[in-house]
Amino acid sequence: YPSNPQMGEGSMLERTNCRAKGGAAGFKVAILGAAGGIGQPLAMLMKMNPLVSVLHLYDVVNSPGVTADISHMDTGAVVRGFLGQSELEGALTGMDLVIIPAGIPRKPGMTRDDLFKINAGIVRTLCEGIAKCCPNAIVNLISNPVNSTVPIAAEVFKKAGTYDPKKLLGVTSLDVVRANTFVAEVLGLDPREVEVPVVGGHAGVTILPLLSQVKPPCSFTQEETEYLTKRIQDGGTEVVEAKKGAGSATLSMAYAAVKFADVCLKGLRGDAGVVACAFVASQVTELPFFASKVRLGRMGAEEVYQLGPLNEYERIGLQKAKKELAESIQKGISFIRN
Ligand code: NAI
C-alpha cells in the first residue's frame with residue numbers, strides 16, 4: 001500500500017531516493033502491530049520524527065486504513081502499509097529499526113505473564129521475519145511479557161545465526177517515564193527535570209526504581225520510598241484497572257516508545273553520550289538479561305552500565321526482582337528450545 005493509491009510503488013521509491021539524495025538524515029523504521037492501541041499513536045509520533053525517512057506500518061488487520069490516515073500528515077517520512085503475513089517481508093526489508101508492539105494487552109486481574117501463551121508465538125513469527133529480512137536492524141521489543149519475549153527473540157535470532165545482543169532491546173522506557181512523573185509529583189518539580197534510573201525487568205517486583213540515584217540529587221522518607229516504588233511497579237495495573245477491560249497503557253506507552261526509538265536513532269546517527277534504560281543481554285548480574293542504563297551508538301547498546309551503589313531497600317528489591325526475572329527468562333528460552 002503506497003500512501004497514495006493512485007501512485008505506483010515505483011514513484012514512491014523515487015521520491016524517497018530524491019530525499020535521500022538531498023542529504024536529509026533519515027532512517028527506515030517499521031512498526032509491527034501498527035494498527036493497535038499502542039501502534040496507532042506510535043505510528044503518528046514516528047511520522048513526526050525528523051530522523052525517520054521511511055515508515056513501514058505492518059499489522060494483521062486494519063493497517064491500510066491507519067497508513068492512509070497517517071500518510072496525510074505533512075511531515076518528511078514516507079509511509080507504506082503492509083497487511084498480513086504474506087506482506088511481512090516487504091515490511092521488514094531494508095529497515096534500520098523495527099519496533100514491535102504486536103500482541104494482546106492485559107485485562108483487569110491479569111498479570112503480564114498471562115499474555116505469554118499468545119504473545120510468545122507472535123513474537124517468534126515476527127523475529128523469524130527480522131532474521132530473514134533485516135538481520136542488522138535494531139529491534140525495540142514492546143510486546144509483553146517483555147521479561148520473556150526478549151529471551152524468545154534472542155533464541156530465534158541465535159537459531160537463525162543472526163543474533164547480535166547489542167541490537168535487541170526490551171522497551172522499559174514507560175517505567176522510567178512513570179517514575180519521572182511520580183517522583184516529580186512528590187518533589188514538586190517539573191518531570192522534565194527529573195531522571196530516575198529503573199532497572200531489573202518489566203513486570204511487578206522486577207521493576208526496580210533506584211530512588212537513591214535520582215537526579216537532581218534528593219532524599220525520600222521511608223514512607224515516600226515505599227509509596228513511589230509500589231506506584232511505579234503497579235503503574236501498568238493502575239491503567240489496566242482504570243480502562244476496565246478496554247486494554248492497557250497505549251498513549252503513555254506510545255510516548256515512551258517514541259522517546260526510546262528516538263534515542264536509538266540518535267545512537268545510530270552517531271551522537272555522543274546517548275544513554276537510556278533498556279532490558280538487554282547483560283553481565284551486570286548473574287542473569288543473562290537485565291534492564292539497566294545502556295549507551296546507544298551505531299551498533300546498538302554499545303555499553304551496558306553497572307547499577308552503581310544501592311541502598312539497603314534497593315538491595316532487598318534486587319533480590320526479589322532477580323528471583324522472578326530468572327523464571328521469566330527461563331520460560332522464554334524454553335519456549336524456543338523445547
Ligand atoms: P492491541 O490489542 O490494541 O494491539 C495489538 C496489535 O497487534 C493489534 O492491532 C493486532 O492486530 C496486532 N497483532 C496481533 N498479532 C499480530 C501479528 N502476528 N503480527 C502483527 N501484528 C499483530 O494491544 P496494545 O494495547 O497495542 O498492546 C500491545 C502489546 O504491548 C501488548 O502485549 C501489551 O502488553 C504490550 N505493552 C507493553 C508495554 C511496555 O512497557 N513494554 C506497555 C504497554 C503495553
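**Figure 1. Contact between helix 6 and helix 11 in the predicted model.** On the side of helix 6, the residues that take part are N147, S148, T149, P151, I152, E155, V156 and K159, and they meet L325, S328, I329, K331, G332, I333, F335, I336 and R337 in helix 11. Sorted by class, this contact of helix 6 with helix 11 holds eight nonpolar, five polar and four charged residues. The axes of helix 6 and helix 11, the latter spanning residues 312-337, come within 7 Å and cross at roughly 35°, and helix 6 passes helix 11 in a right-handed crossing.

**Figure 2. Crossing of helix 2 with helix 10.** Helix 2 covers residues 39-47 and helix 10 covers residues 251-269, and their axes come within 8 Å while crossing at roughly 40°. With that angle, helix 2 is oblique to helix 10, and the crossing in which helix 2 passes helix 10 is right-handed. Helix 2 contributes P41, L42, L45 and M46 to the contact, whereas helix 10 contributes L251, A254, A257, V258 and A261. By class, the contact of helix 2 with helix 10 comprises nine nonpolar residues, with no polar and no charged residues.

**Figure 3. Packing of helix 7 against helix 8.** Helix 7, made up of residues 173-187, packs with helix 8 at an angle of about 150°, the two axes being 9 Å apart. In this arrangement helix 7 passes helix 8 in a right-handed crossing. The contact is formed by D175, R178, A179, F182, V183 and V186 of helix 7 together with E224, L228, R231 and I232 of helix 8. When the residues of the contact of helix 7 with helix 8 are divided by class, six are nonpolar, none is polar and four are charged.

**Figure 4. The shell of residues around the ligand.** The ligand is surrounded by 33 residues, of which the closest are G33, G36, G37, A102 and N144. Helix 5, which runs over residues 116-133, supplies the largest share of this shell, namely four residues. In terms of class, the shell around the ligand has 18 nonpolar, 13 polar and two charged residues.

Figure 5. Most residues other than glycine have a negative phi, and most peptide bonds are trans. P145 is placed in the loop between strand 5 (138-141) and helix 6 (146-160).

**Figure 6. Confidence of the prediction, with a view of residues 18-23.** The protein averages a pLDDT of 94, and 93% of the residues score at least 70, while the model as a whole scores ipTM 0.99 and pTM 0.94. Over residues 18-23, by contrast, pLDDT stays under 50, and for this stretch the model has five contacts beyond four places in sequence.

Definitions and conventions. Residues are numbered from 1 along each chain as its sequence is written. This is a predicted model: local features need pLDDT of at least 70, side-chain atom pairs count only at pLDDT 80 or more; totals for chains, interfaces and linings use all residues. pLDDT is the predictor's confidence in each residue, from 0 to 100. Two residues are in contact if their C-beta atoms, placed from the backbone, lie within 7 Å. Axes are lines fitted to C-alpha atoms, for helices over the stretch in contact, and angles run from 0 to 180 degrees between N-to-C directions. Helices (H or I, at least four residues) and strands (E, at least two) are DSSP runs, numbered from the N terminus. Angles under 35 degrees count as roughly parallel, over 145 as roughly antiparallel, 65 to 115 as roughly perpendicular and the rest as oblique. A crossing is left-handed if the near helix is turned anticlockwise from the far one by less than a right angle, and right-handed if clockwise. Ala, Val, Leu, Ile, Met, Phe, Trp, Tyr, Cys and Pro count as nonpolar, Asp, Glu, Lys and Arg as charged, and the others, Gly among them, as polar. A residue is near a molecule or strand if its C-beta atom, placed from the backbone, lies within 6 Å of it.
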